[in-house]
Amino acid sequence: GAVGLGALAGALGLARRKSDIGLGRVIAIATMGFGVGLIAFSLSNLFWLSLLLLIVVGMGWMVQIAACNTALQTLAEDAMRGRVMSLFSMMLVGMAPFGSLISGWASDRIGAPLVVAVGGTGCALAGLLFTRQLPRLAAAARPILIARGVIADPERAREREREERREEERHRRFEREREIERQEQPDDVQRIVRRRLHPAREDVAAEHERVPQRPLVMRPRVP
């Protein structure tokens with residue numbers, strides 16, 4: 001029950017992730033947490049503490065398996081995804097009976113707590129080894145993730161940022177030039193601005209200026 005509760009919590013927490021970025025760190029932390037939880041469980045003599053430790057073990061176990069599954073399916077090519085997942089399933093499910101056989105044989109001779117502690121130590125060391133190899137694995141996976149659109153290309157992002165800066169600089173230069181022109185020729189600039197804002201009104205005013213206005217003649221009223 002405690003292991004299942006931890007596994008459920010781990011699965012729900014992993015499902016809330018919105019991106020596959022950082023799955024390597026998640027796998028490393030889950031593996032080391034799983035191993036440390038097993039070591040602490042093998043040393044515990046309190047029932048309530050053992051239940052809490054089993055929750056940690058179940059969470060690390062589920063997060064590790066689910067994160068590895070997600071990472072493999074993301075990185076594998078479409079034509080090879082079935083073969084990759086079949087190998088993953090064979091290593092996960094097919095090797096478990098051999099591990100159970102060895103653990104049972106060793107527990108009969110040196111005791112179950114020591115066997116659990118040794119297994120937890122192996123998991124923790126595997127997590128540490130994976131952490132050391134994580135930068136190299138991330139560098140190898142980055143081109144694949146960029147090609148599939150999972151992460152943005154840093155070169156394109158930098159080029160887009162440089163283009164935005166150049167566009168902003170051109171806009172500032174244009175504003176400065178307009179300000180200088182406005183200070184040098186305020187009347188002309190204002191006339192141009194008015195003409196751009198109200199072209200019809202400016203045209204009518206210009207037409208009135210061109211056409212001479214006839215004077216008004218007061219005619220006497222005939223009784």
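E168 and R172 both belong to helix α7 (residues 154-184) and lie four residues apart, about one turn of the helix; helices (H or I, at least four residues) and strands (E, at least two) are taken as DSSP runs numbered from the N terminus. The two side chains form a salt bridge, with the closest N and O atoms 2.6 Å apart, where a salt bridge is defined as a side-chain nitrogen of Lys or Arg within 4 Å of a carboxyl oxygen of Asp or Glu. The model is predicted, so that local features need pLDDT of at least 70 and side-chain atom pairs count only at pLDDT 80 or more, while totals for chains, interfaces and linings use all residues. Residues are numbered from 1 along each chain as its sequence is written, and side-chain values use heavy atoms, with hydrogens and water left out. E168 is partly exposed, with a relative accessible area of 42%, and R172 is likewise partly exposed, at 44%. In these terms buried means under 20% relative accessible area, exposed means over 50%, and partly exposed covers the range in between (1.4 Å probe, protein chains only).

By the salt-bridge rule the count comes to four. Side chains of opposite charge can pair when their charged atoms come close. One of these salt bridges joins R81 to D78, with 3.0 Å between the closest N and O atoms. R81 is partly exposed at 22% relative accessibility, whereas D78 is exposed at 64%. Another salt bridge links the side chains of D108 and R109, at 3.8 Å from N to O, and both of these residues are exposed.

The protein contains nine helices and zero strands, and its pattern along the sequence reads α-α-α-α-α-α-α-α-α. The axes of helix α5 (residues 96-110) and helix α6 (residues 112-147) come within 7 Å and cross at roughly 130 degrees. Here axes are lines fitted to C-alpha atoms, for helices over the stretch in contact, and angles run from 0 to 180 degrees between N-to-C directions. The two helices, α5 and α6, are therefore oblique to each other, given that angles under 35 degrees count as roughly parallel, over 145 as roughly antiparallel, 65 to 115 as roughly perpendicular and the rest as oblique. S103, A106, S107 and I110 of α5 make the contact with A112, L114 and V115 of α6, contact meaning heavy atoms within 4.5 Å. By class, this contact of α5 with α6 has five nonpolar, two polar and no charged residues; Ala, Val, Leu, Ile, Met, Phe, Trp, Tyr, Cys and Pro count as nonpolar, Asp, Glu, Lys and Arg as charged, and the others, Gly among them, as polar.

Of the 223 residues of the protein, 20% count as buried. I27, in helix α2 (residues 23-43), is buried with a relative accessible area of 9%. Apart from its neighbours within four places in sequence, I27 is in contact with A67, C68, A71 and F130.

S44 is located in the loop between α2 and α3 (47-75) and is buried, at 14% relative accessibility. Its side chain makes a polar contact of 3.1 Å with the side chain of S50. A polar contact is a pair of N or O atoms within 3.5 Å; within protein, one must be able to donate a hydrogen and the other to accept it, and residues adjacent in sequence count only if both atoms are side-chain atoms. Beyond its neighbours within four places in sequence, S44 is in contact with L49, S50 and L53.
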